Amino acid sequence: MTTSMTTSAKIKSLDDALAVVESGMTVGIGGWIFHGQPMALIRGLIAKGVRDLTLVPAPGSIAPDMLIGAGCVKETACVFISFEHLGLAPNFRRAAQSGAVKVLEMDGPGIAGGLRAGACDLPYGLIPDLGTDLPKVNPQGYRKARVQEGSRPLLEVPAIKPDVLLLHGQQADEEGNVQYFGAGYFDLLMAQASKHVICSVDRIVPTSTVRQSARLTKIPSAFVDTIVVTPFGAHPGCSPGLYDQDEAHLKAYVAASRDQKSFDAYLDTHARGGEAAYRERIGAAALAGLTAGDGGNRGAAS
């Protein structure tokens, strides 16, 4: 990835930041399930109209599911995409069952090994052979490694090098140091492996604030190409330490995903009008309720 940008150039508008994303690219998505999903960036990609993406998400939920439902994805290499207590990811399930999206099944060691190889600019990584059927169901992602007789069985996993990575952190300074109030998940490893990193944050803070709490800096500026300031940019997921996931909206999303026509109407209402209109649609009172910890009872999609 590039590191020659000036300090002021790292902060861009949503549209300017996403201008680098083109149809056919490999796009990584950070976060974990409903935590730190870069939803403003996802909605921006849908509005932009990109197609034929190869998607490499960390274990996620609504971010990859929404891109798939919007018809932006042709292939995904994933560990799992799930809505956990709300059931299966509806658009991902429909696309996988119909064959509209090719699914390359991965496990945690496989995706981590591939990202490490990508970060180290190696052709492949080595992981233990745990005796699963993954080499059979995803032969392009897992190959038996040649080892000395009597050695531990190993698998080769090809390097994963996303063209663009989408992340969400809680805050950053103008230099691009991104701070997380919770866990960093796979985000740093994904940033190290990716060619271009775009990170949305809920707010910008002075560099002095970042220095005073340096332990919170999970993604140093050297690994960040672009910062996009988007308050509630992880909604309807949560931004740990700032606001909870919006249970009512997530339930409404699942209901709207019952068929393609209904989901297209959801996208028209919530994903194609810009972030200011999105926040206005959700409502200031509902968003404030999420910061107070009662997001499970407010903020339904309307």
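**View 1. The charged end of R43 lies over the ring of Y278.** The charged end of R43 is 3.7 Å from the centre of that ring; a charge sits over a ring if NZ of Lys or CZ of Arg is within 6 Å of the ring centre and within 35 degrees of the ring normal. The model is predicted, so local features need pLDDT of at least 70 and side-chain atom pairs count only at pLDDT 80 or more, whereas totals for chains, interfaces and linings use all residues. Residues are numbered from 1 along each chain as its sequence is written, and side-chain values use heavy atoms, with hydrogens and water left out.

**View 2. F34 and F83 form an edge-to-face pair.** Eight aromatic pairs occur in the structure (Phe, Tyr or Trp rings, the six-membered one for Trp, with centres within 6.5 Å; planes under 30 degrees apart are stacked, over 60 edge-to-face, the rest tilted). The ring centres of F34 and F83 are 5.7 Å apart and their planes stand at 80°, so this pair is edge-to-face. F34 lies in the loop between β1 (26-29) and α2 (39-48), and F83 in the loop between β3 (73-78) and α4 (90-98), so the pair ties together parts 49 residues apart in sequence (helices, H or I of at least four residues, and strands, E of at least two, are DSSP runs numbered from the N terminus). Both F34 and F83 are buried (under 20% relative accessible area, with exposed over 50% and partly exposed in between; 1.4 Å probe, protein chains only).

**View 3. F263 and Y266 form a stacked pair.** Their centres are 5.9 Å apart, with 10° between the planes. F34, F83, Y253, F263 and Y266 form one aromatic cluster.
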